[in-house]
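Let's walk through this model together, one feature at a time. Keep the sequence and the 3D view side by side as you read.

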Amino acid sequence: MQSTILKYLCLAITLSHATTSAGQSSSDFSLPPPSAEAGEQLQLWATHYFVHAAPSTPTGIPFQDKTGTALSDKVSPRDWCLAAIEGTVQVDFNGEPRTLNYGGIGSKNNVDCAAVLRIDPLKKPWITRTGKSFFTKANGIYGDGITGYQLIPFRTIAVDRKTLPYGSVIYIPTARGIEIQLPTGLTAKHDGYFFAGDTGGAIKGQHIDVFCGTSSKNCLPGFVRSDKNITFSAIMISDKEIVKQLTDQHKK
């Protein structure tokens, strides 16, 4: 148990150092507020997601790619299902840490996630597909989003592209000024801008999912309420300079 704890503490430190080298700092959250005629008004609701850490176990099931090739050591069915829901997972493979991303839905049902997580499929029918997930090895520090974008804590959101196109930027007024703690330990005041760089099987319509990095805590509770009946206002950003800046951040 002690060695497992030490291993994941070391991994967290590695991620923090990697974030510093990647250049994420408080200055990355200092964009000015949009103009009054910025763009289309939206009404959305939000959940949050994070990088799930799945320790190796002697028995269990590995994460696999689309062909069925193992990408990790064996993990518990619970960790497997939680990772499939979160979309990004930190694992070991033959003694080496790596980050994996959800790759899609295959034909083989690897785990009965409804039974493992005790989720009623009548209330949440998407859980019946979760056990068929396959994974890919990530390039980004925190994993990869859609179309080659890398995930950035507090900035990336997962979206339904029918509502928000991939690569688009939204501004959430209630997020502006919220204090956030970056993975480096620095604090910053959020500027309110978010980048549509990811997606997920449970993300439909006006639902967005905010990426919180390695913390399972709700990183932006001011508007992330995990309740479709509690919505907030957002603005689609048309400013090309702001869109380019956030796109460049996600392409590093």
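Cys81 and Cys113 form a disulfide (a pair of cysteine sulfur atoms within 2.5 Å), with their sulfur atoms 2.1 Å apart. Before going further, note that this is a predicted model, in which local features need pLDDT of at least 70 and side-chain atom pairs count only at pLDDT 80 or more, while totals for chains, interfaces and linings use all residues. Residues are numbered from 1 along each chain as its sequence is written, and side-chain values use heavy atoms, with hydrogens and water left out.

Back to that pair: Cys81 sits in helix H2 (residues 77-86) and Cys113 in helix H3 (residues 113-117), so the link joins distant parts of the chain, 32 residues apart. Helices here are DSSP runs of H or I with at least four residues, strands are E runs of at least two, and both are numbered from the N terminus. The torsion about the S-S bond is about -85°, so this disulfide is left-handed. Cys81 counts as buried at 0% relative accessibility, and Cys113 is buried at 1%. Buried means under 20% relative accessible area, exposed over 50% and partly exposed in between, using a 1.4 Å probe and protein chains only.

The structure holds two disulfides. Cys212 and Cys219 form the other, their sulfur atoms 2.0 Å apart; it is left-handed too, with -70° about the S-S bond, and both cysteines are buried.

Now for the interior. In soluble globular proteins, nonpolar side chains tend to be buried together. The largest nonpolar core has 27 residues, and Ile170, Ile208 and Phe223 have the most contacts inside it. Such a core is a set of buried Ala, Val, Leu, Ile, Met, Phe, Trp, Tyr and Cys residues joined through side-chain atoms within 4.5 Å. Strands S1 (41-49), S12 (193-198), S13 (207-211) and S14 (232-236) each supply at least two of its residues. A second, separate core of 18 residues includes Ala54, Leu71, Val75 and Val111.

Helix H5 (residues 240-250) has Ile242, Leu246, Thr247, Gln249 and His250 as its buried residues. They cover an arc of only 155° around the axis (taken from the directions from the helix axis to the C-beta atoms), which puts them on the same side of H5. On the other side, Lys240 and Glu241 are exposed. The cover over the buried residues of H5 includes strands S8 (156-158), S9 (169-171) and S12.

Methods
Contact means heavy atoms within 4.5 Å.
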